[in-house]
Amino acid sequence: GTLILIHEFFGLTTSICDKADALAKDLGCRVICPDTFRGDSSTFIPKCIWLALTTPQDRVNQDLDDVVQWALSPTTSTSSSNSSL
């Protein structure tokens, strides 16, 4: 199976990737962490709020749809590795 792990408003951080690795190990499944902020992350709360409010929802939705399609594709359905996208 595949689990999609959505990052919090800090963005995709090492902490989220570590959680994905732990979940994959504990659950025995592939865990995908889409980077909806596309490389941007912060621990500065005002910037995090700005990222959450200014990231286009349509783009986030499309990114998540793309992740689901990738996870369901026959070429990836047998892979058990974790991915940060």
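Me: Happy to start with the surface: what makes up the accessible surface of the protein, and how much is there?
Reply: It comes to about 5300 Å², and carbon and sulfur atoms hold 58% of that. Keep in mind that this is a predicted model.

Me: What share of the residues counts as buried, and what makes a residue buried?
Reply: A residue is called buried because its relative accessible area is under 20%. Of the 85 residues in the protein, 32% count as buried.

Me: What is the order of the elements from the N terminus on?
Reply: They run β-α-β-α-α-β, which comes to three helices and three strands.

Me: Why is H1 called a helix, and how does its span compare with the expected one?
Reply: A helix needs at least four residues in its DSSP run, and H1 has 14, residues 14-27. The expected span is 1.5 Å times one less than the number of residues. For H1 that gives 20 Å, and the first-to-last C-alpha reach of 20 Å is close to it.

Me: Which residues of H1 are buried, and why are they said to lie on the same side?
Reply: They are Ile 16, Ala 20 and Ala 24. They cover an arc of only 80° around the axis, so they sit on the same side of H1. Strand E2 (30-33) is included in what covers them.

Me: And what makes residues on the face turned away count as exposed?
Reply: Exposed means over 50% relative accessible area, and Thr 14, Lys 25 and Asp 26 are the exposed residues carried there.

Note on methods: Residues numbered from 1 in each chain as written. Predicted model: local features only at pLDDT ≥ 70, side-chain atom pairs only at ≥ 80, totals over all residues. Heavy atoms only, no water. Helix = DSSP H or I, 4+ residues; strand = E, 2+ residues; numbered from the N terminus. Buried < 20%, exposed > 50% of the residue type's maximum accessible area, 1.4 Å probe, protein only. Arc of directions from axis to C-beta. Contact = heavy atoms within 4.5 Å. Areas by Shrake-Rupley, 256 points an atom, 1.4 Å probe, with all protein chains shown as cover.
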